[in-house]
Amino acid sequence: MEEPDAKKRKSGSIKEQVFRGWKKIPLPVRAFLALSACVGIVLLFAGLLRRPGSAAGGGAGPDVSGTGAFEAESAAEGEGSETSVSGQPEITGGDKKEGSGKTDASGGSKAEGSGKPDDEKTEESGKSGGAKTEASSERKLRKLVALTYDDGPSNATPLILDTLEKYGVKATFFVVGRDQVEYHKEALIRAYNDGMEIGSHTYDHRILSKSTQEQIWETMWKNDELLKEVIGFQPKIMRPTGGGINDTVRASIDRPMILWNIDTLDWKYEDKDTIVNTVKAEVHPGAIILMHDLIETTGDSTWQATAEIVPWLLEQGYELVTVSEMAKAYGYTLQPGGTYYSFNPLWSPDAELAARYYQAFGPKEP
Ligand SMILES: [Zn+2]
């Protein structure tokens with residue numbers, strides 16, 4: 001009987017002691033301690049709510065959750081005090097917009113670039129002045145992919161451009177001078193004015209790996225001259241015909257050689273569904289997809305496939321950009337004579353960028 005009573009008294013006295021101790025602390029200090037506790041609880045809840053919320057963010061799921069994860073990471077590491085402190089509320093706003101509707105993001109994209117198509121426009125237009133825009137879009141784990149079309153322009157090119165324009169996305173065209181540019185100048189001019197990247201695919205579609213250095217120089221030079229005449233632009237990138245490269249080609253080509261890592265085989269099967277299914281099965285951030293806008297070899301398959309692929313990729317959270325833009329965004333510096341099959345962010349020369357993508361996509365992507 002005595003023991004429980006003693007315990008009760010003891011526990012009562014401890015409570016009283018704590019309470020008296022608390023009351024001994026000056027009022028301002030007590031107020032501060034209480035406030036700190038409240039703020040701590042609020043921050044804890046905010047942190048817990050952000051992650052599951054963004055992970056369930058619909059179509060752009062991995063993209064958004066990646067952003068959140070990196071934000072938390074950068075704040076913890078304290079890298080870029082501007083971004084982690086002042087940037088956080090802005091980006092929360094951006095996430096909300098993206099969750100509610102991609103098309104709605106035009107208002108927010110000026111500040112932080114949250115919407116897919118507008119993000120791209122912002123970067124395009126902000127290339128000269130927008131260091132802030134670039135910095136924020138780099139922090140975001142963008143899912144970029146490059147559609148490329150060879151051997152045109154032809155009657156298929158305007159039909160492909162219809163889709164690209166409709167969705168406000170970009171692609172890259174490796175054009176052939178003889179018979180193609182010569183007879184389809186309007187299509188080339190339209191593509192160039194739309195902001196598509198124009199690369200060289202030689203003047204006469206010569207197989208470079210079976211050519212002399214003089215022949216390589218000649219076919220490259222003739223194509224450059226024709227393009228300068230038609231669009232006033234000399235391509236900064238090229239794609240060797242058939243992907244054939246040897247030492248002579250390497251020694252003769254003075255610009256980056258862009259190959260591909262997803263081959264739709266559109267010229268072989270001339271089948272829309274094969275193209276669409278190949279892209280759906282193999283696409284990943286940094287992929288370069290090979291197609292042909294030469295209607296004589298692919299018929300209607302390629303432009304019809306494009307009309308299906310573009311909206312599907314956008315639904316998956318991809319941004320469709322030019323080859324050069326994707327290389328730059330993923331930290332690759334294009335070298336003259338260098339060969340590039342993809343610009344996978346997981347293998348980026350920018351180790352910090354590669355690590356971020358590995359965290360978000362590594363276990364899932366090839
Ligand atoms: Zn070709």
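A residue is called buried if 20 or more other C-beta atoms lie within 10 Å of its own, exposed if 12 or fewer, and partly exposed in between, with C-beta atoms placed from the backbone. The structure is a predicted model: local features need pLDDT of at least 70, side-chain atom pairs count only at pLDDT 80 or more, and totals for chains, interfaces and linings use all residues. Residues are numbered from 1 along each chain as its sequence is written.

The chain has 366 residues, of which 40% count as buried. It holds 18 helices and 8 strands. Both are DSSP runs numbered from the N terminus (helices: H or I, at least four residues; strands: E, at least two).

Helix α10 spans residues 185–193, and its buried residues are Ala 187, Leu 188 and Ala 191. Seen down the axis of α10, these residues fall within an arc of 100°, so they line one face of the helix. The arc is that of the directions from the helix axis to the C-beta atoms. On the other side of α10, Glu 186 and Asn 193 are exposed. Gly 195 follows α10 and has a positive phi, near 90°. The buried residues of α10 pack against α8, β2, α9, β3 and α11. Contact here requires C-beta atoms, placed from the backbone, within 7 Å.

Strand β2 covers residues 172–175. Thr 172 and Phe 174 point one way, Phe 173 and Val 175 the other, and all are buried. Strands β2 and β3 (residues 197–200) pair in the parallel sense over 4 bridges. Pairing requires at least two DSSP bridges between two strands. Val 175 stands opposite Ser 200 in β3.

Technical notes:
Contact = placed C-beta atoms within 7 Å.
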